[in-house]
Amino acid sequence: MNGILPLWKERGMTSHDCVFKLRKILRTKKVGHTGTLDPGVEGVLPICIGQATRIAEYLTDAGKTYEAIISIGRTTTTEDAEGETVEEDLTIKKFSREQLLEVLASLTGVIEQTPPMFSAVKVNGKRLYEYARKGESVERPTRQVTIYDLELLDELAHYEGQEITFPVRIACSKGTYIRTLAVQIGEALGYPAHMKELVRTASGTFTRENCFTLGQVAELMEAEQVATCILPVEYALADYPYIEITNANEKEIFNGQVLPADALLNSHDKIVYGINGKAVAVYQAHPTKDGLMKPHKMFPTIE
């Protein structure tokens with residue numbers, strides 16, 4: 001069993017819970033997820049099965065799309081609705097749609113974020129949430145992420161109230177914390193804020209329409225139709241150029257040899273070689289030898 005299962009993770013489960021349950025449902029140990037979703041978040045979570053686990057990092061690195069509800073008026077320890085209140089502003093707040101759109105525009109593009117204490121980022125070999133649970137505080141690394149699009153989803157002209165909420169859609173790079181973005185939006189408006197709700201609607205090329213729930217996967221497995229929900233490895237490689245292997249280079253590619261760099265690597269970081277549309281190897285520019293390329297991933301036995 002090799003391929004990618006586009007799973008719709010339901011609220012209340014960790015990403016690891018999903019992997020654990022799928023190993024039992026699919027009766028296979030080689031199962032891995034492609035990026036952590038917090039228990040309170042539902043959404044698209046591509047699962048790699050069998051040899052497809054070799055390309056899990058490609059899916060993890062892919063851009064993501066979320067829909068979130070931002071709440072203005074209160075910050076929390078976790079930066080979402082699950083945490084304890086840190087700061088609360090009970091005044092009546094007012095701002096216009098134009099003001100809010102200006103703030104969203106200012107946070108679009110390359111921005112800096114400091115990961116929340118309740119996150120899986122490692123500092124000195126330990127996850128930040130391990131420090132947080134013990135009440136310890138450590139210096140957190142600030143990093144750059146990219147917000148490709150930050151869209152306001154309602155049509156209100158004015159916002160007013162003790163608590164103000166509004167929906168946004170975010171298309172972003174790997175490593176973006178939407179919880180932190182919610183806090184940053186509040187700071188730019190001059191108020192405490194947190195992320196009230198979050199749904200991941202897309203991960204790379206996978207969307208909500210592709211996805212199956214754990215219950216649906218179990219039903220398909222029972223009916224011996226689980227293959228209908230598992231996509232081929234090539235689906236996750238669709239963003240890279242594909243080159244059909246020829247008699248001239250078949251031996252070298254199957255042996256994973258270093259080859260002269262293909263011109264396509266001037267405009268793409270990776271290229272896929274295959275037979276009859278089936279991927280055999282993913283090549284990238286050689287890191288130390290100019291003009292050459294080397295295999296990054298090999299999966300010649302996938303059928």
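Modeller: Happy to; below are some questions and answers on this predicted model.

Biologist: Which residue just after α5 takes a positive phi?

Modeller: Look just past the end of the helix. The phi there is about 95°, and the residue that takes it is Gly190.

Biologist: How are α3 and α5 oriented to each other?

Modeller: Helix α3 covers residues 97–106, and its axis lies 10 Å from that of α5. The two pack at an angle of about 130°. Angles of 65 to 115 degrees would count as roughly perpendicular and those over 145 as roughly antiparallel, so α3 and α5 are oblique.

Biologist: What is the handedness of that crossing, and which residues of α5 make the contact?

Modeller: The crossing of α3 and α5 is right-handed. On the α3 side, the contact is made by Leu100, Val103 and Leu104. By class, the contact residues are six nonpolar, with no polar and no charged ones. From α5 come Ile185, Ala188 and Leu189.

Biologist: Are α1 and α6 roughly parallel or roughly antiparallel?

Modeller: Helix α1 (residues 15–26) and helix α6 (residues 214–222) pack with their axes 10 Å apart, at an angle of about 10°. Angles under 35 degrees count as roughly parallel, so α1 and α6 are roughly parallel.

Biologist: How many charged residues does the contact of α1 with α6 have?

Modeller: From α1 come Cys18, Lys21, Leu22, Ile25 and Leu26, and these meet Leu214, Val217, Ala218 and Met221 of α6. Eight residues of this contact are nonpolar and none is polar, while the number of charged residues is one.

Biologist: Lastly, does Lys278 count as buried, exposed or partly exposed?

Modeller: Lys278 lies in strand β19, residues 278–285. Its C-alpha atom is 8.9 Å from that of Glu244, 34 residues away along the chain. Because its relative accessibility is 35%, Lys278 counts as partly exposed.

Notes
Residues are numbered from 1 along each chain as its sequence is written. This is a predicted model: local features need pLDDT of at least 70, side-chain atom pairs count only at pLDDT 80 or more; totals for chains, interfaces and linings use all residues. Side-chain values use heavy atoms; hydrogens and water are left out. Helices (H or I, at least four residues) and strands (E, at least two) are DSSP runs, numbered from the N terminus. Axes are lines fitted to C-alpha atoms, for helices over the stretch in contact, and angles run from 0 to 180 degrees between N-to-C directions. A crossing is left-handed if the near helix is turned anticlockwise from the far one by less than a right angle, and right-handed if clockwise. Contact means heavy atoms within 4.5 Å. Ala, Val, Leu, Ile, Met, Phe, Trp, Tyr, Cys and Pro count as nonpolar, Asp, Glu, Lys and Arg as charged, and the others, Gly among them, as polar. Buried means under 20% relative accessible area, exposed over 50%, partly exposed in between (1.4 Å probe, protein chains only).
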